[in-house]
Amino acid sequence: MSSTPGPVEWVKSTYSGGEGECVEWAPEYARATGAVLVRDSKNPDGPRLALSPEGFAGLVAFAKARG
């Protein structure tokens, strides 16, 4: 893992459905640092969550269960 990742590139969730309720994550940042960044696509300059891979997996499982 690198301690100096480049610019953060965001990817929309494949589950977003295109209705404005999108969650984005930064896979390259996660590969470089081990921390998974997550943000609300409606507020790109707003707060970001930094999750462990296990925490991100839990978030994805929760979202799938809640549909």
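In this predicted model, S41 is located in the loop that runs between β3 (36-40) and β4 (49-51). The residue is buried, at 18% relative accessibility. Beyond residues up to four places away in sequence, S41 touches K12, C22 and E24. Two of these names, K12 and E24, return below in a network of salt bridges that also includes R39.

**Sheet**

- Four strands form an open sheet in the order β1-β2-β3-β4, and their pairing is antiparallel.
- The edges of this sheet are β1 (11-12) and β4, each of which pairs on one side only.
- Three bridges join β3 and β4 in the antiparallel sense.
- Across from V38 stands L49, a residue of β4.

**Salt bridges**

- The model has four salt bridges.
- One of them joins the side chains of E24 and K12, with an N to O distance of 3.2 Å.
- Another salt bridge pairs R39 with E24, and its closest N and O atoms are 2.6 Å apart.
- This second pair also links distant parts of the chain, since R39 is in strand β3 and E24 in strand β2, 15 residues apart.
- Together, K12, E24 and R39 are linked in a network of salt bridges.
- K12, by contrast, is partly exposed, because its relative accessible area of 43% falls between the limits of 20% and 50%.
- D40 and K42 form a further salt bridge, in which the closest N and O atoms are 3.3 Å apart.
- D40 is partly exposed, with a relative accessible area of 33%, whereas K42 is exposed, with a relative accessible area of 52%.

**Aromatic pair**

- The count of aromatic pairs comes to one.
- The ring centres of W25 and F56 are 5.2 Å apart and the ring planes lie at 25 degrees, so the pair is stacked, the limit for stacking being under 30 degrees.
- The pair links distant parts of the chain, with W25 in strand β2 (residues 23-25) and F56 in helix α2 (residues 53-66), 31 residues apart.
- W25 is partly exposed, with a relative accessible area of 27%.
- F56 is buried, because its relative accessible area of 18% is under the 20% limit.

**Nonpolar core**

- In soluble globular proteins, nonpolar side chains tend to be buried together.
- The largest nonpolar core in this model comprises five residues, namely A30, V36, V38, L51 and F56.
- F56 thus has a place in this core as well as in the stacked pair with W25.
- V38 is likewise one of the core residues, and V38 is also the residue that stands opposite L49.
- A30, a further member of the core, is in contact with A35 and V36 when its neighbours within four places in sequence are left aside.

Key. Residues are numbered from 1 along each chain as its sequence is written. This is a predicted model: local features need pLDDT of at least 70, side-chain atom pairs count only at pLDDT 80 or more; totals for chains, interfaces and linings use all residues. Side-chain values use heavy atoms; hydrogens and water are left out. Rings of Phe, Tyr and Trp (its six-membered ring) pair if their centres lie within 6.5 Å; planes under 30 degrees apart count as stacked, over 60 as edge-to-face and the rest as tilted. Helices (H or I, at least four residues) and strands (E, at least two) are DSSP runs, numbered from the N terminus. Buried means under 20% relative accessible area, exposed over 50%, partly exposed in between (1.4 Å probe, protein chains only). Contact means heavy atoms within 4.5 Å. Two strands pair if DSSP finds at least two bridges between them. A nonpolar core is a set of buried Ala, Val, Leu, Ile, Met, Phe, Trp, Tyr and Cys residues joined through side-chain atoms within 4.5 Å.
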